[in-house]
Amino acid sequence: MTDCIFCKIINSELPASLIYEDDHVIAFMDIQPVNPGHILVVPKIHKELIAELDEDLTSRLFNVGAKINLAIRKSNIKSEGINYFLADGEAAGQEVFHTHLHIIPRFQNDGFGLKFHKTYYELPKREELDEICGNIKQLME
Ligand code: AMP
Ligand code: ZN
């Protein structure tokens, strides 16, 4: 994709701090880190959503994420925990439409977090959970 920032990084047309690269996956430092050590793991093929990747490539993406997790834990980067974040679609917060997995080192009071709507604190009935569960379950391949 000619106007995709991540494709340009993959093709060395834009600068990036590369941390990992193989034939199918690349990982580099996020240009606007939530915390130091914030890394993006990206498939080399231009696909917008996880649903467009084959199973092997999805596995590779998360395996590279796991290797980075271990390296961060061994490093001197401040990291009491690690968030994996993947914005799969615009409504989910995706801004760069070339799928990518965020690896974000976290520590107490780092100022980052999720916001919940008010009704989040009212737990749904079991029947409701079961109904949604059944809907999704029957569509799993
Ligand atoms: P998302 O909202 O999940 O699509 O996240 C896109 C991420 O890409 C953000 O965290 C940006 O800071 C990051 N980003 C945008 N441009 C670049 C770039 N040139 N190099 C590295 N990271 C980038
Ligand atoms: Zn792309």
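Reader: What spacing do the donors of the zinc ion (ligand 2) follow along the chain?

Author: In this predicted model, the donors of the zinc ion (ligand 2) follow the spacing C-x2-C-x38-H-x51-H. His46 lies in the loop between β3 (39-43) and α2 (55-74), and His98 in the loop between β4 (81-85) and β5 (101-106), so the pair ties together parts that are 52 residues apart in sequence.

Reader: How do you know which atoms coordinate the zinc ion (ligand 2)?

Author: A donor is an N, O or S atom within 2.8 Å of the metal. Cys4 (SG), Cys7 (SG), His46 (ND1) and His98 (ND1) stand at 2.0 to 2.3 Å from the zinc ion (ligand 2), and therefore these atoms count as donors.

Reader: Why is the site of the zinc ion (ligand 2) called tetrahedral?

Author: Four donors receive that name if all angles lie between 85 and 135 degrees. The angles among the four donor atoms here are 104 to 118 degrees, so the site is tetrahedral. For four tetrahedral donors, the ideal angle at a metal is 109.5 degrees.

Reader: Are His46 and His98 each buried, partly exposed or exposed, and what makes them so?

Author: Buried means under 20% relative accessible area, exposed means over 50%, and partly exposed lies in between. His46 has a relative accessible area of 24%, so His46 is partly exposed. His98 has 0%, and is therefore buried.

Reader: What makes Cys4 and Cys7 count as buried?

Author: The cut-off is again under 20%. Cys4 has a relative accessibility of 6% and Cys7 one of 7%, so both cysteines count as buried. Of the 141 residues of the chain, 32% count as buried.

Reader: How many disulfides are there, and by what rule?

Author: A disulfide is a pair of cysteine sulfur atoms within 2.5 Å. By this rule the count is zero.

Reader: Which residues come nearest to ligand 1, and what polar contacts are found there?

Author: Around ligand 1 there are 16 residues, of which Asp30, Glu95, Val96, His100 and His102 come nearest. A polar contact requires N or O atoms within 3.5 Å. A nitrogen atom of ligand 1 lies 3.1 Å from a polar backbone atom of Ile31, an oxygen atom lies 2.9 Å from a polar backbone atom of Val96, and an oxygen atom lies 2.8 Å from an N or O atom in the side chain of His100. These pairs therefore count as polar contacts. On its own, ligand 1 has 510 Å² of accessible area, of which the protein covers 85%.

Terms used: Residues are numbered from 1 along each chain as its sequence is written. Chains are lettered from A and ligands numbered from 1 in the order in which they are written. This is a predicted model: local features need pLDDT of at least 70, side-chain atom pairs count only at pLDDT 80 or more; totals for chains, interfaces and linings use all residues. Side-chain values use heavy atoms; hydrogens and water are left out. Donors are N, O and S atoms within 2.8 Å of the metal (3.2 Å for Na, K and Ca); water is not among the atoms, so sites may look incomplete. Four donors count as tetrahedral if all angles lie between 85 and 135 degrees; four count as square planar and six as octahedral if opposite donors are over 155 degrees apart and all others between 65 and 115; anything else is irregular. Helices (H or I, at least four residues) and strands (E, at least two) are DSSP runs, numbered from the N terminus. Buried means under 20% relative accessible area, exposed over 50%, partly exposed in between (1.4 Å probe, protein chains only). A residue is near a molecule or strand if one of its heavy atoms lies within 4 Å of it. A polar contact is a pair of N or O atoms within 3.5 Å; within protein, one must be able to donate a hydrogen and the other to accept it, and residues adjacent in sequence count only if both atoms are side-chain atoms. Accessible areas come from the Shrake-Rupley method with a 1.4 Å probe; for residues, only the protein chains shown count as cover.
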